[in-house]
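Please walk through this structure one region at a time.

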Amino acid sequence: MLQQILHDMYIDPELLAELNEEQKQILFYKMREEQLRRWKEREEKAQMEEAVLRRTARRKQSDGKHVQWLCGKDGEVWVWVMGEAPGDRPYDQISEELIAERARQQAQKEAEELWRQKEAEITKKFRDAMAQEKARIVAEKWKIEIEDRKAAKLEEEKIQEELKKREEEERQKGEEQIRQQEEIRAKELYLSLKQAQQHSQHSDDDQEWEEQLRRSKAADEERSHKARRARDEYRRQSLRSIQKGIVAGLSNLFQGTSLNNEQETNLNCNSASPLLSLSAASSNIWERPSRPFSREVIIRWFKEEQVPRRAGFERNTNRIAQWFHGIISRQEAEELLMNKSEGTFLVRVSEKIWGYALSYRQQSGFKHFLVDASGDFYSFLGVDPNRHATLTDLIDFHKEEIITSSGGELLLEPCGQQKNPPDYSPLFE
């Protein structure tokens, strides 16, 4: 069934509705793998065809338009590398000049800002000093004698001249200090820009590579962890299956298993159902369709292929298993499980595939798993890595082993019949 789906790359919506979320995700993952495999095949084929076309085009190129490279005196293709031709300045020299110019402009800008601050400080300092001195002279001389105003004025002018002279000297001194700081700052900026240029040529690529390497390593570790966990779980369940003797390699031992006439006459259901007669292989040749299309076809398939394999029977007895049900819908299965405890389950004959559906009661609702029986084994579609020789083997195996690692489903309690006659009666009539 899975091979047919991957071959057609299509799944019927009704069949898709029968899958639970985990089975859907696994199925979509496998379909995606198949898509990638086909895409790689197409790409390889396209590349081969393109290579053939290129070879064909080269042969025809002599008759069509083509590009001719300019050659030098030596007969080789003429190439000009900027900075290496005669008259070109070396790239290092151009780079040095650009860096020096940027450093000079930055230092000049910083020096202008420092000078504006310094000039404001000097102006304020001497304006305040002059105001204080003037106030002192006025306070002392103006009130003492009016005749000395001229002397006071001369003394004030003298002091102002002295202050202006000192202001000019301090201005010159400040300008010299700013100029020296500008030269020192220009050298510092030049070295800083030079180091930044050299570092940026390596750090960007290194950081990007380190980040990409880190993400790649983390993804590899996560994939390895998941693969190792899945491998361990698969090995553990496989060893468990081998120990119980229920792997697919033993399926041939059960091919000839059938009920004898005495067992057919004594067959009953849970010691309370009426006797059910089992039909032998039909006299007509049974050719199974690609998929079920009616209840009559499903019943015939069950009688002719599943009854000889003792599908639905308890192990080593002639009784129908309590968990076995007939062709019932998902809704009917959920109604049967509605008031049951977690871990209760039933197996119903599927109307969508050649196989069964296991309905499971979990704490928050229900889960449904499709059981593929189209081959000579029984296994959950896309979930169970093991192949079981009989349907009873599959059920008994998952009474002790979980179905999925994420859900932890264990088959604890079978869900029996609530109808009389049982819903599987048409399968054994």
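How do the residues of the lining of the second largest pocket divide into nonpolar, polar and charged? In this predicted model, the lining holds 7 nonpolar, 3 polar and 5 charged residues. The lining residues number 15, and those nearest the centre of the pocket are M1, Q4, D8, S290 and R291. The space in this second largest pocket comes to about 350 Å³.

Where does the lining come from? Helix α1, residues 2-8, gives the most to the lining of the second largest pocket, namely 3 residues. The pocket lies between domain 1 (1-15 + 26-56) and domain 3 (295-427), because both of these domains give residues to its lining. As background, rolling a probe the size of a water molecule over the atoms shows where empty space is left.

Next comes the chain as a whole. The secondary structure of the protein chain consists of 10 helices and 5 strands. The chain has 429 residues, and 31% of them are buried. Among contacts between residues at least 6 apart in sequence, 58% join residues at least 24 apart.

E101 and Y190 are 89 residues apart along the chain, and their C-alpha atoms are separated by 8.8 Å. E101 belongs to helix α4, which covers residues 91-144. Is E101 buried, partly exposed or exposed? With a relative accessible area of 31%, E101 is partly exposed, because the partly exposed class lies between the 20% limit for buried and the 50% limit for exposed.

Within α7, the buried residues are V297, I298, I299, W301, F302, K303, E304 and Q306. Which elements do the buried residues of α7 pack against? Their partners are β1 (344-349), β2 (355-362) and α10.

Most residues other than glycine have a negative phi, and most peptide bonds are trans. R310, which is not a glycine, has a positive phi of about 60°. N316 is also a residue other than glycine with a positive phi, near 60°. N316 has a relative accessible area of 74%, so N316 is exposed.

The peptide bond to examine is the one that joins N420 and P421. This bond is cis, with omega at about 5°. P421 lies in the loop between β5 (413-414) and α10 (425-428). Helix α10 is also one of the elements that the buried residues of α7 pack against.

Technical notes:
Residues numbered from 1 in each chain as written. Predicted model: local features only at pLDDT ≥ 70, side-chain atom pairs only at ≥ 80, totals over all residues. Heavy atoms only, no water. 1 Å grid on protein atoms, 1.4 Å probe; cavity = no way out; pocket = protein on both sides within 12 Å on 5 of 7 lines; lining within 4 Å. Points joined across faces, edges and corners; volume = space filled by probe spheres on them. Helix = DSSP H or I, 4+ residues; strand = E, 2+ residues; numbered from the N terminus. Nonpolar A, V, L, I, M, F, W, Y, C, P; charged D, E, K, R; others polar. Domains from an automatic or database assignment. Buried < 20%, exposed > 50% of the residue type's maximum accessible area, 1.4 Å probe, protein only. Contact = heavy atoms within 4.5 Å.
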